[in-house]
Amino acid sequence: MAAKLLAFACIRNDSYGDLSPRPHYPSMPKYPKGVSAQETSLQGSETKATFSVTGMTCSACAGSVEKAIKRLPGIREAVVDVLNNRAQVMFYSSFVNEETIREAIEDVGFQAALIKDETNEKSIQVCRIRINGMTCTSCSSTVEKALQAIHGVQKAQVALATEEAEIHYDPKIVSHDQLLEAIEDAGFEAILVSTGEDISKIDLQVDGVRTGNSMRMLENSLQALPGVQAVDMSPELKKISVSYKPNMTGPRNFIRVIESTGSSRRFKATIFPEGGGGGRETHKKEEIKQYFRSFLWSLVFTVPVFLTSMVFMYIPGIKHGLDTKVVNMLTVGEIMRWLLSTPVQFIIGRRFYIGSYKALRHGSANMDVLIALGTNAAYFYSVYTVLRAATSPDFEGTDFFETSAMLISFILLGKYLEVLAKGKTSEAIAKLMNLAPETAILLTLDEEGNVISEEEIDSRLIQKNDIIKIIPGAKVASDGFVLWGQSHINESMITGEARPVAKRKGDTVIGGTVNENGVLHIKATKVGSESALAQIVRLVESAQMAKAPVQKFADRISKYFVPLVIIFSFSTWLAWFLAGKFHGYPESWVPSSMDRFELALQFGISVMVIACPCALGLATPTAVMVGTGVGASQGVLIKGGQALESAHKVNCIVFDKTGTLTVGKPVVINTSLLKNMVLHEFYELLAATEVNSEHPLAKAIVEYAKKFRENEENPAWPEAHDFISITGHGVKAVVRNREVIVGNKSLMLDHNIAIPADAQDMLTETEGMAQTGILVSIDGEVTGILAISDPVKPGAHEVISILKSMNVRSIMVTGDNWGTASSIARQIGIETVVAEAKPEQKAEKVKDLQAAGYVVGMVGDGINDSPALVAADVGMAIGAGTDIAIEAADIVLMKSNLEDVITAIHLSRKTFSRIRLNYIWALGYNVLGIPIAAGALFPSTGFRLPPWIAGAAMAASSVSVVCCSLLLKNYKRPKTLENLEIRGIKIE
């Protein structure tokens, strides 16, 4: 019994004070213990410190250190890593300091030292840059190489689908300005999205500025504010961009400073209007408009060229007019086609010349090179025939002006459809960003906490520690905690959990979620880039940036694709030309409208323009973008292509027990009374005794007792006298002049309290079901028995059986004892169990399974799971787990439901099958299309592919690959999960 009590002492020490079923989100704050919400104005800033702790041998040691730290006032979070002998503490410096924390650790018997290097900012920062002008994987590879060649850049990833680069760099060695310069030197436009520093940025529009001196005055005023990092002025747009630390200042301060600057107070500041700030969505819309305009203008010129060359030639009257000779053999039709196709070739099609020049300048070849070569060959050969006809009295040649003009038009149409479709692949991020409400109600309170005034403000003006009013039906404007009120909040848009979550005073709330019924007053704690929503958006963006290993296949092909196509195109022309010159094929094969040279030229041009490296380059990233976006909407955050690719191969899943297969918190399951007594009175005495104990089992008893006082948030229990806590056994006290003893069997025997036979039987039965039996003695007689357990999550058994049907083996690895572990495993249908495993042994088990040929997924939630999460092929962290576990994992299950393990594997399999389909289409298209364009079918069938049709086919191939990826948006979870209703457990 003592062993069981001790085992429970180690269960989830981080959750002592909060036994409600609400999940903990990594970005959610906690106000300092021992300080009420009203008092928490947090005059000091939040600080992080890391300590070296020596002498820890097991998770129980880590638990005692964590408990000692959390007892101190002002501790936001404390995590202890027994493997690396470290403790990381987030605290409020106005309440506690590093020395006090160090002493607290040493007081429980361990040596502690502050690691100063760890308290500084990380030396490596991650910066994001938007890149305009990339057309295929050759372009993205060029940029990637240019960035990786810079000293100080640790890693650079360039994503063609998102047109962004993510660069891990050392700011001490290289600046982000140098990174921008390197991209621009490679021939592309670069726009800085974020520098990776822990700062927020806001754009303000300032009216009333008339001179440069006024702008300088405003800049100096803003620079003087504490927490302001940088101020960028754009006088022509009347825009001021301010980068700042949100925990020190905020946008309302900037507006107040701007409007109070100068003697006349003529300046007015507002948030810069959306769409004018040059964001990603603005750029996408502009790019779509640009391609559409170019396509329309090309049509204006191309349609007449097409009509004069292919339609009007069959209308007698018009044909006669077009065939009218101007000079020698030069006709009116040829002059018209020349004049109309020239703007298409050199003005509308100049983007292809610019792209070709930039690529060739850096020793690479991209799709623009193929288009420029193909269209130039057709155009300049046509110019040659026109000039020859003008100077020769008997030359009869055919021009290909319609080929070059129609090629460019079809390619522009294809690019327009492609950017339109690519825009839809990132809709998941746009939807997440749109969750934030436009306005918020700001409250002003007096010293006693009474509301003085209300004011509706732009939600982007919210600052840390603001009090915000949330009315029923409104969106929560900011991350924070409830100061006043009760309500239910729908968090499905963030976590995917459909059931509204009850919120009352002290509970955390997430910005972007919807308030269902009651009015709430919340205190903003995380704003701007620090919010949970912003962190999820960043995670999804990073996931869409990360390349899947299968993408390397396309990158390798793209290196040689364009040069090989050019060689093959030239070889095709040469082969057909030589075959014609030496009469290798009959004269009847040559169409009446052209000669042998022109036929060979058409085959060569068709080969050049039908080849499409874009489809190959888009096959993986578009599917990954849609897959990760769909996952985010289902509450499954997948951290990139690597995780997706590994997850689809998983055939063995290792589950942690506590907090993963079980709820992770002790709960009173059953109460058996042995004496005639009212249950309400029984629990009054029990709660009054246990409320003085810090033990997790005591907390569970008190929480259960609260249900007998439904209308009271924090009930006042009867006073307990002579309270004594007997470590490892239980507690005793005198309540209402009655001696109450609560504990295990040995505690009763120590106090000479007889245990009846039926109580003995109940204890044996309870322990057989992996529950902890607690005896309650009142005035020297055993009055009742409580069964306390960490219950299995609803639906765990069904999830294991579904995984079995998917040919995925399930294993449980836990630090708990064999009895409890075996009982839980039997309940849910797991056959293989590893119990009493230390964190390093969990990681070793994962490696053993990998050595046996399994692709291993690890599902866990605690610090002790992080080594195994890292060691596994795919680590899945439960969203209600610790930050360290979430950081170590490849996939985060936001709802903390086990069914999402199945969703993650199923979605990854669907995504990867889509990637395979994309590659089959992209490769198949090129493998079949290039020989057909080269005339492989011409000798036997007489079928040839004109260059303009080849160009249309090339454009269609890219669009079809993107559309194929977009079909993933219709993803539905497996039907077995739809039939399985998994509800959150209600802890009473």
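1. The accessible surface of the protein chain comes to about 42000 Å², and carbon and sulfur atoms account for 54% of that area. Accessible areas come from the Shrake-Rupley method with a 1.4 Å probe, and for residues only the protein chains shown count as cover. Please keep in mind that this is a predicted model, in which local features need pLDDT of at least 70 and side-chain atom pairs count only at pLDDT 80 or more, while totals for chains, interfaces and linings use all residues. Residues are numbered from 1 along each chain as its sequence is written, and side-chain values use heavy atoms, with hydrogens and water left out.

2. On the overall fold, the protein chain has 35 helices and 36 strands. These are DSSP runs numbered from the N terminus, with helices being H or I of at least four residues and strands E of at least two. Of the 988 residues, 54% are buried; buried means under 20% relative accessible area, exposed over 50%, and partly exposed in between (1.4 Å probe, protein chains only). Taking contacts between residues at least 6 apart in sequence, 72% join residues at least 24 apart, where contact means heavy atoms within 4.5 Å.

3. Now to a spot on the surface. Phe-292, Leu-296, Leu-299 and Val-303 form a nonpolar patch with about 290 Å² of accessible area together. Patches are made of residues with over 30% relative accessible area and no salt bridge, with like charges joined within 9 Å and nonpolar side chains (Val, Leu, Ile, Met, Phe, Trp, Tyr) within 5 Å. A salt bridge here is a side-chain nitrogen of Lys or Arg within 4 Å of a carboxyl oxygen of Asp or Glu. Leu-299 belongs to helix α9 (residues 280-311) and counts as partly exposed at 30% relative accessibility.

4. The aromatic residues deserve a look. Rings of Phe, Tyr and Trp (its six-membered ring) pair if their centres lie within 6.5 Å; planes under 30 degrees apart count as stacked, over 60 as edge-to-face and the rest as tilted. By this rule there are 24 aromatic pairs. One of them joins Phe-682 and Tyr-683 edge-to-face, at 5.4 Å centre to centre and 85 degrees between the planes. Phe-682 is buried at 0% relative accessible area, and Tyr-683 is buried at 1%.

5. Tyr-683 also pairs with Phe-708: the ring centres are 5.3 Å apart and the planes are at 20 degrees, so this pair is stacked. Tyr-683 lies in helix α23 (residues 679-690) and Phe-708 in the loop between α24 (696-705) and β27 (720-726), so the pair ties together parts that are 25 residues apart in sequence. Phe-708 is partly exposed, at 23% relative accessibility. The charged end of Lys-707 sits over the ring of Phe-708, 5.6 Å from its centre; the rule asks for NZ of Lys or CZ of Arg within 6 Å of the ring centre and within 35 degrees of the ring normal.

6. Elsewhere, ring pairs link Tyr-381, Tyr-384, Phe-570, Trp-573, Phe-577 and Phe-597 into a cluster.

7. Asp-207, in strand β9 (residues 200-207), is partly exposed at 32% relative accessible area. Its contacts beyond four places in sequence are Lys-238, Arg-266, Phe-267 and Lys-268. Ala-156, in strand β6 (residues 153-159), is buried at 3%, and its contacts beyond four places in sequence are Glu-144, Leu-147, Gln-148, Glu-166 and Ile-167.
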